[in-house]
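The sequence and the model are shown first.

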Amino acid sequence: MIRHTVLFRFRPEVDWSDARARAAEAATAGHPDHIEEILGWEFGRNMTERPVAYDFALIGTFADRGAVDRYLTHPDHVRGVELWREIATWVVADFAVA
């Protein structure tokens, strides 16, 4: 199993009142409806005011590296990346779990 973890940080001019942020969140929420490789999907808005905190996080569970690769190139995921790219930067970590 692979856990795909992404943390998003808004660009300085963006917050949750921006319609683009809500559109990116909605696209992320809908990925499991379109991408069969997703076995588990958790996401949410940050709840802490700490300066090191990111604004949004997601954790996806996939069977193996091949499933992650298919997810990354799926048109629905690519559309979501385009939405996030407009408003945020992000960091990614993929790790194996037993």
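How many bridges join strand 1 to strand 4? Nine bridges join strand 1 to strand 4, and the two strands run antiparallel. The model is predicted, so that local features need pLDDT of at least 70 and side-chain atom pairs count only at pLDDT 80 or more, whereas totals for chains, interfaces and linings use all residues. Residues are numbered from 1 along each chain as its sequence is written, and side-chain values use heavy atoms, with hydrogens and water left out.

Four strands form an open sheet in the order 2-3-1-4, with antiparallel pairing. Strand 2 (40-45) and strand 4 (88-96) are at the edges with a single partner strand each, so one side of each has no neighbour in the sheet. From one strand to the next the twist averages 10 degrees. Helices (H or I, at least four residues) and strands (E, at least two) are DSSP runs numbered from the N terminus, and two strands pair if DSSP finds at least two bridges between them.

| Strands joined | Bridges | A bridge partner pair |
|---|---|---|
| strand 2 and strand 3 | six bridges | Phe-43 and Leu-58 |
| strand 1 and strand 3 | seven bridges | Leu-7 and Ala-57 |
| strand 1 and strand 4 | nine bridges | Phe-8 and Trp-90 |

Helix 3 (residues 75-87) lies across strand 1, strand 3 and strand 4, and runs at about 130 degrees to strand 4. For these angles, axes are lines fitted to C-alpha atoms, for helices over the stretch in contact, and the angles run from 0 to 180 degrees between N-to-C directions; contact means heavy atoms within 4.5 Å.

**Helix 1**

Helix 1 (residues 19-34) has 16 residues and reaches 22 Å from its first C-alpha to its last, close to the 22 Å expected at 1.5 Å a residue, the expected span being 1.5 Å times one less than the number of residues. At its N-terminal end the helix is capped by Asp-18, a side-chain oxygen of which lies 2.8 Å from the backbone nitrogen of Arg-20. A kink of about 25 degrees lies at Thr-28, shortly before the proline Pro-32; the bend at a residue is the angle between axes fitted to the seven residues ending there and the seven starting there.

The buried residues of helix 1 are Ala-21, Ala-24, Glu-25, Ala-27, Thr-28, Gly-30 and His-31, where buried means under 20% relative accessible area (1.4 Å probe, protein chains only). What covers these residues includes strand 1, strand 2, strand 3, helix 2 and helix 3. His-31, with a relative accessible area of 3%, is in contact with Ile-38, Trp-41, Tyr-71, Asp-76, His-77 and Gly-80, leaving aside its neighbours within four places in sequence.

**Residues around the sheet**

Glu-37 lies in the loop between helix 1 and strand 2 and is buried, with a relative accessible area of 15%. Apart from neighbours within four places in sequence, Glu-37 is in contact with Thr-61, Phe-62, Ala-67 and Arg-70, and a polar contact of 3.2 Å joins the side chains of Glu-37 and Arg-70. A polar contact is a pair of N or O atoms within 3.5 Å; within protein, one must be able to donate a hydrogen and the other to accept it, and residues adjacent in sequence count only if both atoms are side-chain atoms.

Thr-61, in strand 3, is likewise buried, with a relative accessible area of 12%. Leaving aside neighbours within four places in sequence, its contacts are Met-1, Ile-2, Arg-3, Glu-37, Ile-38, Leu-39 and Gly-40. The C-alpha atoms of Thr-61 and Ile-2 are separated by 5.7 Å, although these residues are 59 residues apart along the chain.

Gly-40 is found in strand 2 and touches Ile-59, Gly-60 and Thr-61, not counting residues up to four places away in sequence. Gly-40 and Ser-17, by contrast, are 23 residues apart in sequence and 28 Å apart in space, C-alpha to C-alpha.

Notes. Buried means under 20% relative accessible area, exposed over 50%, partly exposed in between (1.4 Å probe, protein chains only).
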